[in-house]
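Here is a short briefing on one protein model. Look at the sequence and the structure first, then work through the points below.

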Amino acid sequence: SPLVDHNGSQKIGHRKSWIIPCTVLTVAAYVFIAGFSPPPENLPILIGLFAMASLVMATQQVAADAYIVENIPAKDRRTGSAYIELGKSASAIAIAIGLMSIYDRFGWSVTMPVAAFMFFILTLPVLIRKEAPRPAELSKRFAQGNTAEFRVLRKDPRRFFNAFIHPFRDFIFRKETPLLLC
């Protein structure tokens, strides 16, 4: 999140400079994944590819959430957030049902490019809409590195590792992790 907040192009839009490449990478990943046989034949490869795609999609979600917060007036954010979450949930259910139907009828190699296309289509409104300029106060804070995350890291960089790296490392080295990932 701090990486996405601090870096971006003002020319195409701070948030769009993350959303656009993340969209391209996710679509490319899904099209690439379509070339592999479905599980269980290529399970380790697919887990790795889906994990990388998920990381890219999570990065896109951080940028999209910030985009929404910066583009909805403060008085409308609660209602806007409720509609957004409702839309996400409804579309996730509809897409899952649709993709399962497509998979059942046409198979893996058709389903994955359709999923990529749907991902792209659902991102279009953000790509088409002009991004509002960042609030001056926010731009100034980030330019100075004056955010809570970076103040904490400057004081004690070990806190980052304790908060993010160690739990991930502990998860990866658990003996149950391969079962959880399957």
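The lining of the largest pocket divides into 16 nonpolar, 6 polar and 2 charged residues. That makes 24 lining residues, in a model that is predicted. The pocket has a volume of about 840 Å³.

**The largest pocket**
- Gln-61, Lys-88, Phe-119, Leu-122 and Thr-123 lie nearest the pocket's centre.
- Four helices are listed as giving two or more residues to the lining: α2 (16–33), α3 (43–71), α4 (77–106) and α5 (108–128).

**Aromatic pairs**
- The count comes to 4 aromatic pairs.
- The ring centres of Tyr-30 and Phe-50 are 6.0 Å apart, with the planes at 85 degrees, so this pair is edge-to-face.
- Tyr-30 sits in helix α2 and Phe-50 in helix α3, so their pair ties together parts 20 residues apart in sequence.
- Tyr-30 is buried because its relative accessible area is 16%, under the 20% cut-off.
- Phe-50, at 27% relative accessibility, counts as partly exposed.
- Tyr-103 and Trp-108 also form an edge-to-face pair, 6.5 Å centre to centre with 85 degrees between the planes.
- Trp-108 is buried at 15% relative accessible area, whereas Tyr-103 is partly exposed at 40%.
- Tyr-30, Phe-50, Tyr-103 and Trp-108 form one aromatic cluster.

**Ser-17**
- Ser-17 lies in helix α2.
- Is Ser-17 buried or exposed? Its relative accessible area is 17%, so Ser-17 is buried.
- A polar atom of the Ser-17 side chain lies 2.7 Å from the backbone oxygen of His-14.
- Beyond its neighbours within four places in sequence, Ser-17 is in contact with Gly-8, Ser-9 and Ile-12.

Technical notes:
Residues numbered from 1 in each chain as written. Predicted model: local features only at pLDDT ≥ 70, side-chain atom pairs only at ≥ 80, totals over all residues. Heavy atoms only, no water. 1 Å grid on protein atoms, 1.4 Å probe; cavity = no way out; pocket = protein on both sides within 12 Å on 5 of 7 lines; lining within 4 Å. Points joined across faces, edges and corners; volume = space filled by probe spheres on them. Nonpolar A, V, L, I, M, F, W, Y, C, P; charged D, E, K, R; others polar. Buried < 20%, exposed > 50% of the residue type's maximum accessible area, 1.4 Å probe, protein only. Polar contact = N/O pair within 3.5 Å; in protein donor to acceptor, adjacent residues only side chain to side chain. Contact = heavy atoms within 4.5 Å. Phe/Tyr/Trp six-rings, centres within 6.5 Å; stacked < 30°, edge-to-face > 60°.
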